[in-house]
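Here is a short briefing to read alongside the model. Take a moment with the sequence and the 3D view, then follow the points below.

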Amino acid sequence: MSGKQRRTGTVGGTIDVELLVQIAHLYYDEEMTQQKIAKKLNMSRSLVSKLLAKAKEKGIVKVTISDEVNRPHQPLEAQLKKLFGLSEVIITPADSGANNQKLA
């Protein structure tokens, strides 16, 4: 493909998975901006944004938010929520001072 050709992100009407992977790699792993990716691949920034969304939709990109510091029990909360059909579950740590007290 020459530098002047426009990449549409499709091959025969279907999304080019290799292109989705390439764009996702540039954006997430190499931390390129959407504008820089668009320039590099000779497409609009808007198309890059749409293709990144498509990569998420197709499961190529999976976003994981790790909040172990603030909510270390989140996996257990999710299990309890599902198991008991609850709308919200919050597990709080026991007061560390209470664990250190001796009963007389």
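**Overall picture**

The protein exposes about 8,400 Å², and carbon and sulfur atoms supply 52% of that area; accessible areas come from the Shrake-Rupley method with a 1.4 Å probe, and for residues only the protein chains shown count as cover. Please keep in mind that this is a predicted model, in which local features need pLDDT of at least 70 and side-chain atom pairs count only at pLDDT 80 or more, while totals for chains, interfaces and linings use all residues. Residues are numbered from 1 along each chain as its sequence is written, and side-chain values use heavy atoms, with hydrogens and water left out.

**Fold**

- The protein has five helices and two strands; helices (H or I, at least four residues) and strands (E, at least two) are DSSP runs, numbered from the N terminus.
- Reading from the N terminus, the elements run β-β-α-α-α-α-α.
- Of the 104 residues, 20% count as buried, where buried means under 20% relative accessible area, exposed means over 50%, and partly exposed lies in between (1.4 Å probe, protein chains only).
- Among contacts (heavy atoms within 4.5 Å) between residues at least 6 apart in sequence, 41% join residues at least 24 apart.

**Nonpolar core**

- The largest nonpolar core has 16 residues, and L19, I23, I37, L41, M43, V48 and L51 touch the most other members.
- At least two residues of this core come from each of α1 (17-29), α2 (34-41) and α3.
- Such a core is a set of buried Ala, Val, Leu, Ile, Met, Phe, Trp, Tyr and Cys residues joined through side-chain atoms within 4.5 Å.

**Surface patch**

- V17, V21 and I60 form a nonpolar patch on the surface, with about 210 Å² of accessible area together.
- Patches of this kind consist of residues with over 30% relative accessible area and no salt bridge, with nonpolar side chains (Val, Leu, Ile, Met, Phe, Trp, Tyr) joined within 5 Å and like charges within 9 Å; a salt bridge is a side-chain nitrogen of Lys or Arg within 4 Å of a carboxyl oxygen of Asp or Glu.
- I60 sits in the loop between α3 and α4 (74-84), and I60 counts as partly exposed because its relative accessible area is 31%.

**Two residues to look up**

- S46 lies in helix α3 (residues 45-57) and is partly exposed, at 34% relative accessible area.
- S46 and Q35 are eleven residues apart in sequence and 8.8 Å apart in space, C-alpha to C-alpha.
- E77 belongs to helix α4 and counts as buried, with 3% relative accessibility.
- Apart from its neighbours within four places in sequence, E77 is in contact with R71, V89, I90 and I91.
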